[in-house]
Amino acid sequence: MTSAPTQTWNPADYHKHARFVSDLGMPVVELLAPKAGERILDLGCGDGALTLKLAQMGCTVKAVDASPHMVAAAQKLGLDAEVADGHALAFEAAFDAVFSNAALHWMQQPEAVIAGVWRALRPGGRFVAEMGGHGNVASIVQALEAALQARGLPAHNPWFFPTPEQYRALLEAQGFAVQHMQLLPRPTPLPGDVGAWIETLAQPFLADVPQAERPQLLAEVVNALRPVLCDAHGNWHADYVRLRFAATKPPTA
Ligand code: BEZ
């Protein structure tokens with residue numbers, strides 16, 4: 001995953017409150033169908049949990065992420081990881097595939113990202129990814145926006161959750177041939193309450209809220225979301241919607 005300006009990634013918090021992000025990433029690995037010996041770029045590698053799986057499958061994996069903390073965590077796993085902005089990838093025909101899980105929605109200029117992925121791929125290479133899609137965490141966004149609006153504060157929404165049609169058009173405009181494009185609602189159990197999820201993964205929304213007022217705002221948001229996202233046993237889930245796709249750079253490109 002890459003970072004919005006006010007999002008700080010802490011690998012320990014991420015491990016505690018967002019481990020499911022990579023744990024639930026196997027379907028997109030299966031869509032990638034990596035073969036031993038392939039050169040793969042993991043775009044927005046986070047702490048490297050899925051990068052490691054690709055490496056264990058025999059691929060030569062380069063991992064990039066905008067967060068130095070996450071890159072350090074990936075390097076601790078022995079991975080070839082470096083800090084890079086997904087909007088300005090500097091690779092030329094270096095990979096058989098570009099892979100990405102739960103990262104592209106942090107990148108607000110998709111045209112620049114897709115152009116960099118195109119350059120990074122050899123002709124015939126594939127771009128396989130999963131990201132938040134249209135409607136992702138909509139109830140959480142709505143509750144945050146309402147609490148901020150009540151205080152006269154702006155909502156800094158750091159995410160881009162496109163429709164399948166929107167992302168297909170972006171890929172095709174670059175020249176990609178799209179083989180697979182699917183929007184999947186995936187309600188996702190949370191290890192804690194939605195407040196912990198917000199503090200770990202939605203920090204930009206809180207950027208203008210004075211530190212002393214944050215607990216009150218978070219309590220309001222948690223209470224507003226309890227009837228929607230928490231069951232009778234106190235188990236929380238988030239209203240995730242995934243956009244999963246596979247596309248190819250034509251062999252003649
Ligand atoms: C997601 O994977 O959909 C996601 C992760 C962090 C924040 C928002 C969405």
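# Ligand site, salt bridges and selected residues

An oxygen atom of the ligand lies 2.6 Å from a side-chain N or O atom of Arg-242. The protein buries 98% of the 260 Å² that the ligand exposes when taken alone. This is a predicted model. Arg-242 also belongs to a network of salt bridges with Glu-130, Arg-186 and Arg-244, and the structure holds 11 salt bridges.

**Ligand surroundings**

- The residues around the ligand are Ala-102, His-105, Trp-106, Gly-132, Asn-136, Trp-159, Trp-197, Leu-201, Tyr-240 and Arg-242.
- Sorted by class, this shell has six nonpolar residues, three polar ones and one charged one.
- Asn-136 places a polar side-chain atom 2.7 Å from an oxygen atom of the ligand.
- Arg-242, with its side-chain N or O atom 2.6 Å from a ligand oxygen, is also in contact with Arg-186.
- Tyr-240 is part of the ligand shell and is likewise touched by Arg-186.

**Helix α9**

- Helix α9 covers residues 194–201, and seven of its eight residues are buried.
- The buried residues of α9 are Val-194, Gly-195, Ala-196, Trp-197, Ile-198, Thr-200 and Leu-201.
- Trp-197 and Leu-201, both among these buried residues, are also found around the ligand.
- The N-terminal end of α9 is capped by Asp-193, which has a side-chain oxygen 2.9 Å from the backbone nitrogen of Gly-195.

- Glu-130 and Arg-186 form a salt bridge through their side chains, at 3.7 Å from N to O.
- Arg-186 counts as buried because its relative accessibility is 19%, where the cut-off is under 20%.
- Leaving aside residues up to four places away in sequence, Arg-186 touches Leu-24, Glu-130, Ala-238, Tyr-240, Val-241 and Arg-242.
- The network that includes Glu-130 and Arg-186 also takes in Arg-242 and Arg-244.

**Glu-38 and Arg-126**

- A second pair, Glu-38 and Arg-126, meets in a side-chain salt bridge at 2.8 Å from N to O.
- This pair links distant parts of the chain: Glu-38 sits in the loop between α3 (26–32) and β1 (39–43), while Arg-126 sits in strand β5 (residues 121–132), 88 residues apart.
- Glu-38 is buried, at a relative accessible area of 9%.
- Arg-126 is also buried, at 16% relative accessibility.

**Arg-168 and Glu-172**

- Arg-168 and Glu-172 form a salt bridge in which the closest N and O atoms are 3.4 Å apart.
- Both residues belong to helix α8 (residues 164–174), where they are four residues apart, or about one turn of the helix.
- Arg-168 is partly exposed at 32% relative accessibility, and Glu-172 is partly exposed at 43% relative accessible area.

**Thr-60 in strand β2**

- Thr-60 is part of strand β2, which runs over residues 60–65.
- Thr-60 is classed as exposed because its relative accessible area is 51%, and the cut-off for that class is over 50%.
- Beyond residues up to four places away in sequence, Thr-60 touches Glu-38, Arg-39 and Ile-40.
- One of these contacts, Glu-38, is the buried residue that forms a salt bridge with Arg-126.
- From C-alpha to C-alpha, Thr-60 and Phe-95 are 9.4 Å apart in space and 35 residues apart in sequence.

**Gly-124 in strand β5**

- Gly-124 lies in strand β5 and is partly exposed, with a relative accessible area of 23%.
- The C-alpha atoms of Gly-124 and Lys-249 are separated by 5.1 Å, although the two residues are 125 residues apart along the chain.
- Not counting residues up to four places away in sequence, Gly-124 touches Thr-248, Lys-249, Pro-250 and Pro-251.

Technical notes:
Residues numbered from 1 in each chain as written. Predicted model: local features only at pLDDT ≥ 70, side-chain atom pairs only at ≥ 80, totals over all residues. Heavy atoms only, no water. Helix = DSSP H or I, 4+ residues; strand = E, 2+ residues; numbered from the N terminus. Buried < 20%, exposed > 50% of the residue type's maximum accessible area, 1.4 Å probe, protein only. Contact = heavy atoms within 4.5 Å. Salt bridge = Lys/Arg side-chain N within 4 Å of Asp/Glu carboxyl O. Near = heavy atom within 4 Å. Polar contact = N/O pair within 3.5 Å; in protein donor to acceptor, adjacent residues only side chain to side chain. Areas by Shrake-Rupley, 256 points an atom, 1.4 Å probe, with all protein chains shown as cover. Nonpolar A, V, L, I, M, F, W, Y, C, P; charged D, E, K, R; others polar.
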